[in-house]
Structure formats: structure tokens, C-alpha cells
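Keep the structure open beside you and take your time.

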Amino acid sequence: MFDLITGKVQDENRQGEAYAPFANDPSVYKKRFYIESYGCQMNFADSEIVASILNKEGFGATRNVEDADLIFVNTCSIREKAEQTVRKRLTEFRKLKKKRPGTLVAVLGCMAERLKSKFLEEEKLVDIVVGPDAYRTLPALVTEAEGGQRAINVLLSREETYADISPVRLNSNGISAFVSIMRGCNNMCSFCVVPFTRGRERSRDAASIVQECRELFENGYKEVTLLGQNVDSYYYAMPSQPSSMDGHLNEQGQSIGDGNVITFALLLELIAQISPELRVRFSTSHPKDITDEVLHTMARYQNICKYIHLPVQSGSTRILQLMNRTYTREWYMAKVKRIREIMPDCGISSDIITGFCTENEEDHKDTLNIMAYSRYDFSYMFFYSERPGTLAHRRYQDDIPEETKKRRLQEVIDLQGRLSHESNRKDLGKIFIVLIESESKKDSNKWMGRSSQNKVIVFPKDNSNYTKGDYVTIKVNDCTQATLLGEIVKM
Ligand code: SAH
Ligand code: SF4
Ligand code: F3S
């Protein structure tokens, strides 16, 4: 459900306890850790890196916070509300710590990076503070904290990509996995805290990415989502041509991987070639950077999903300029048009911020209007939340009253509801290949999966032999605003 006060905050509401199944026998582990993650998918992917680092040290994961010797909270700073949620959670852990002295609480991620040692001063019962580029030092920091010291490492790095660390898949459905391909962000969107909390952009070694995806496929995974704040600026210069890419041909029989530079389009192609049975998704695309080459690569491979998350933020060129998004309203619209020319069936979603500094009713109308033009299948919608230290905080006044921000947000949410419903209604009668992810939450007689366009489709199991991870052909016969409903068709 959308919430008027918060917007659809898919990001910061995503939270989860994590456990690794191999923690069942506590006697083999030195310590047990519990990890809870907030924020974007990249933070969730980082928690899997952290779990891997801790595993190697002989620490086992637990899903029960009461059993943990170490509590990790991987935090998000994107909006004020995200930080408030974490602070509330920390007060609960504080009570736990009083009950079980000796339990250590560690704050990881973007809030750790933003607040640094202030965290230790403000939150007296936090023992360890670690920024996103310092997870390798976690074991040493834990030892320090056990010795009674307050342990902190918030150094950002220009190189760290954790390329060699094989993530421990936490809470995975065994079908879809997230694979981090780059870290940090070099864009300076004026509202955004990420460049400050995640540091400079750097791309991960292409061979290690392809290898990770291949291993996932060999272990039964059917879908990988490549993650980065701005995946289209992925750029990796190979030290030398890796043997794993020798002799790779694209579908036209041309050699790919020549030269030493791997662009995002090339990376997509290399991963798509692992197997036609492995779906490839990616997030997020910055409208200024997504190229025709990427669009054509998507179009060429049936297993690269026809879905692009293309955050617009605002439909007003004046506001986009203040946001430092570096594109205009017209540029964005041309991009949407281009996507639809090359892939008429491509799903598109967006992120939208209402009530940015100086936004007037005209600007707001431009946003509503660009949403209708783009016909988004869905959007993540927020009202502007000023973040300390950002360009907007330093340069502009946060001058739109909260009730105006929220009223505009509600208008954006209402319009998106109509657009989503309209988009779903257009799918009635159509046939989609669906990857089965799980049983439907509401009805164990039904499966739930997604179309290439990233739409959720629910359908009766129908006494068929299909199971999780299978591809199945579905005809859509009904829909709600959020979901398509269908039935299995024999082809
Ligand atoms: N790298 C991605 C976005 C990452 S943050 C991109 O460039 O699109 C996810 C979303 O949070 C952003 O797209 C933006 O819509 C929203 N967001 C970021 N900072 C915000 C702020 N200060 N207030 C409200 N929403 C914000
Ligand atoms: Fe933030 Fe902009 Fe970078 Fe996205 S591209 S993470 S919004 S600075
Ligand atoms: Fe939040 Fe950091 Fe991601 S601020 S959205 S967890 S990069």
C-alpha cells in the first residue's frame, strides 16, 4: 500500500533478518551473528559480503537476534525517515544488550559513513561503526571491540569492489540473486547523499562478475540482477584479455571482448551468453547514460529482461537543472521514445521526488505530465527530504511546506495507480513466459513469478508438474493495479 506520509518507500521498508543455513550447529562456530539490512538492493548485497567475511572468521549466522553475540545493522541514509527507522531499531537492541552484556552492536552502511564517530558519541551502546568500503576489516574491529574499545573504520576507497569475495546468499529464494557490478557514484545529484556515503564510482572486474553469474546458474539460479547506482557507466579496463572471454561470439557471429575495455553493453552480452535459461536484469539506469548499444543488446537477447528502471525524479527542466540530473525534460522523453522504438514491449519504471526546492505548481504539472507520457508500469515515489551535506542542502532552501510536498506526492501516487492499472489492463489476453519464484503468499494453490517486463503474475498450479525455477507460459486473464492474474497454457 502507498502511504501518504512516507510515499511508497520500498527501499527503506525492505528489511530482513538474515541467516545462513550452515549455522545450525552452534558448537562449530566461535560466535553467532545476526544481520539486519535496510535501504537499497546494494545494501542487501553488501550484507551477503559481510556474512561471507564473518563466516571465514568462524562466525555463524543466526536468524534469532536473541541468540546473537554480534548484532549488525546495515543502514541507509537516503531519506530522514530511513535513518529514524534505524535509530528506533537501535534502541531495541540497546535493551537486548542490557539483558545480555557482552553482546556487541555494529552499525554498517551509509549511516555509519555519514555519521562516522558521531555515531559512537550519540548512540552510546553502539560498539562498532563500519563504512561500506571497510568490511574486510570487520573481524579486526570485532576483536578491538571485544577488548573494550570503540571500533571504527569509515575509510572510503577508490578500488574496493569485494570482487574476490563470494557472497553468502542470505534469505534467497534460490532462483534470483543480486550481483554487484560497481560501487559508489560519481554523479552529484544535488538531493542525494549516496556520493558521500558510498564514495567514488568504481567498476568490478568483469571476469569475476561473469564467473559469479556462471556459478549461480550452475547452482540452480535462473535470474541475476546486476546492481549499481548507475550501471550504464560501468567501465572496466582489462589488464589483459581474460581467457574466459576468448573466442566469445555474439549472435551475429562477431567476436566480442576484443580490446581491453568492457562496457555495460558488453558485460550484459557476456552474462546473457552464460545460458538462454539465465535471465539477466539490471538496476539502476541513469537516463543520461543509457546508450543505444545497451538497448540493442537487450533487444538481441531474449534472456535479457525487457525492463528498465529509468528514474526521472522530476518532469520540469528547471527542477532537473537544480537537481543536477544533467538532462532536460525533452532529453528524457526522447530516451523513452527510443526505448519503445527499439523494444516496443519494454517495461519502464521510475523514481519521482515531489516538493524539491522551489518546485511550483507548473513544475509539478510537468512531472504528472511526463509520467503520463512515459506510461510507467510502476514508480517509487517520495517527497523531498533534505540531507545534510548535500549540494541542495548547501545551496538551496528547503522551502516547500511539508503539506504541499505530501499533497503533490499523493497526486503523483494517484496518477501512478491509474497508469499501472492501465498498463496491466493492456496485458489482458496476452501470453508471457514467467519464471516461477515462489508460491503465492495468499494462496498455496497458486504460483507467483514475473514476466520479462518485471510484472508479477499469479496463476493456479493446476495440477501441473511445474516447480520453482521453471519457465512457464501464462495467459493473462485478469488484473489488479499491482498484479496480473493468469493461467498456464500449453504451447
Ligand atoms: N542511483 C539511483 C537512485 C538511488 S536512490 C538513480 O540515480 O536513480 C533511490 C531514489 O531515492 C532516488 O532515485 C530518488 O528518487 C530518491 N531519493 C534520493 N535522495 C532523496 C531525497 N533526499 N529525498 C527524497 N528522495 C530521495
Ligand atoms: Fe544519487 Fe544521483 Fe548517484 Fe543516483 S545517480 S546515487 S540519485 S547521486
Ligand atoms: Fe540507502 Fe546507501 Fe542505498 S543511502 S539507498 S543504502 S546506497
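**Exercise 1.** Which residues of β4 lie on one side and which on the other, and are they buried or exposed?

*Solution.* Before we start, note that this is a predicted model, in which local features need pLDDT of at least 70 and side-chain atom pairs count only at pLDDT 80 or more, while totals for chains, interfaces and linings use all residues. Residues are numbered from 1 along each chain as its sequence is written, chains are lettered from A and ligands numbered from 1 in the order in which they are written, and side-chain values use heavy atoms, leaving out hydrogens and water.

Step 1: find strand β4 at residues 70-75. Helices (H or I, at least four residues) and strands (E, at least two) are DSSP runs, numbered from the N terminus.

Step 2: sort the side chains. In a regular strand they alternate between the two faces of the sheet. Here Leu70, Phe72 and Asn74 are on one side, with Ile71, Val73 and Thr75 on the other.

Step 3: check the cover. All of these residues are buried, where buried means under 20% relative accessible area, exposed over 50% and partly exposed in between (1.4 Å probe, protein chains only).

**Exercise 2.** Which strands pair with β4 in the parallel sense?

*Solution.* Step 1: two strands pair if DSSP finds at least two bridges between them.

Step 1: strand β2 (residues 31-37) pairs with β4 over 5 bridges, in the parallel sense. Serine 37 has asparagine 74 in β4 as its bridge partner.

Step 2: strand β5 (residues 104-108) is also a parallel partner of β4, over 5 bridges. In β5, valine 107 stands opposite valine 73.

**Exercise 3.** Describe the aromatic pair of phenylalanine 264 and phenylalanine 282.

*Solution.* Step 1: recall the cut-offs. Rings of Phe, Tyr and Trp (its six-membered ring) pair if their centres lie within 6.5 Å; planes under 30 degrees apart count as stacked, over 60 as edge-to-face and the rest as tilted.

Step 1: the structure holds 10 aromatic pairs. In this one, the centres are 5.2 Å apart with 75° between the planes, making the pair edge-to-face.

Step 2: phenylalanine 264 lies in helix α9 (residues 264-272) and phenylalanine 282 in strand β14 (residues 279-283), so the pair ties together parts 18 residues apart in sequence.

Step 3: phenylalanine 264 is buried at 1% relative accessible area, and phenylalanine 282 is buried at 2%.
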